[in-house]
Amino acid sequence: MTDGKINTIRGWAAKEAGIKVEPWTYTPRPLGENDVEIKIDYCGICGTDMHILKGTRGTDLFPVIVGHEIVGRVVAKGKNVAHVQEDSIVGVGAQVYACLEPTCRECSRGLDPHCPKKVFTYNSVYADGKQAQGGYAEAIRVDGHYVFPIPENLDPAHAAPLMCAGATVFAPMLHKGVKKGDRVGIIGIGGLGHLAIQYANALGAEVVAFSHSPKKREESLNLGATEFVDTSKLEEVAAIRGTLQYLIVTSNTDPRNYNDFVTWMDIEGQIILLALPQGNLELSPGVIARSKITVTGSLIAGIDDIRKTLEFSAKHGIVPLIERFPMDKVNEALEYFDNGNAHYRIVLTNVS
């Protein structure tokens, strides 16, 4: 083991289910030969944070420090870590460990988020029994494979939401092969959707933004959407039926809507779920068979996907719309987020 520069880490933890966090200190795992210790400057608030804090995802790992959109500076590293140096600006996303062994069925195919030995950034436990803690804190220690250099032309605060939200929407576009000329629909113009519009546009796709809020029309078009569909207007919805190669669902829309979504798709189109609505999807087998559509989903991004997300974002100037709160105002930020006021990502700051 290598000695780190931080013996204890102060953060903001939930002691029980709810959206209140309070100061809490823990002792991190020893800094191993493959590990990196990071002083956290920025951490985004993600919808998953809220699910874990509220206990709606079944967590019982309290106390828990959430946060997996982390950007900061390297303060120490193990001897085997060569791709970052001390004082480098780096990011950490929703995962902090996988075995990455060539014999691993998942890791060997670049599917490290599905590794049987995976450890998420929080609400997860290492093989030694130590609980992983996230980014609402002053520092974090993680496996170096999950530490990513932030490109110089990406502002660190804006880079934080790219570590989860950005990579989450861009990864399925890469894996599905979204390309110039494809028609890509985006449902939900919020924290994920406003980034999805930008990525699909930068890939050369025709982007159709869907929202029940007409107030989002102008902004969606400014972000790169080719068309905006107000889903409360039947004539606008009717005009796009049968035209989409891809439909990316970024909001927890009513599961009963999916039979209608199928009618928006071109033959052999793909509906991609990034959000997890409550309940089971209602889909008619006959509708699926006749349209030959595929309904699929995507979890978090793997190592290669996150690298490509950061590179692509830097090249094409893709950044989230953010609002900043000091880390010590985290409870105010959580309440603001939970009330639906965020436009569109909130970033907690540890810097003045």
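Before I turn to the charges, let me say that Lys and Arg count as positive and Asp and Glu as negative, with His and the chain ends not counted, and that the place of a charge is taken as NZ of Lys, CZ of Arg, CG of Asp or CD of Glu. On that basis the protein has 35 positive and 41 negative side chains, and the centres of the two sets lie 2 Å apart.

What we are looking at is a predicted model, in which local features need pLDDT of at least 70 and side-chain atom pairs count only at pLDDT 80 or more, while totals for chains, interfaces and linings use all residues. Residues are numbered from 1 along each chain as its sequence is written, and side-chain values use heavy atoms, with hydrogens and water left out.

As for overall form, the C-alpha trace spans about 65 × 45 × 40 Å along its principal axes. Of the 352 residues, 52% are buried, where buried means under 20% relative accessible area, exposed over 50%, and partly exposed in between, with a 1.4 Å probe and protein chains only.

Let me now move to one residue, A17, which sits in the loop between β1 (9-13) and β2 (22-26), strands being DSSP runs of E of at least two residues, numbered from the N terminus. Is A17 buried, partly exposed or exposed? Its relative accessibility is 48%, and therefore A17 counts as partly exposed. Leaving aside residues up to four places away in sequence, A17 touches L53, K54, G55 and F62, a contact meaning heavy atoms within 4.5 Å. Finally, V330 lies 313 residues from A17 along the chain, and their C-alpha atoms are separated by 16 Å.

Definitions and conventions: Helix = DSSP H or I, 4+ residues; strand = E, 2+ residues; numbered from the N terminus.
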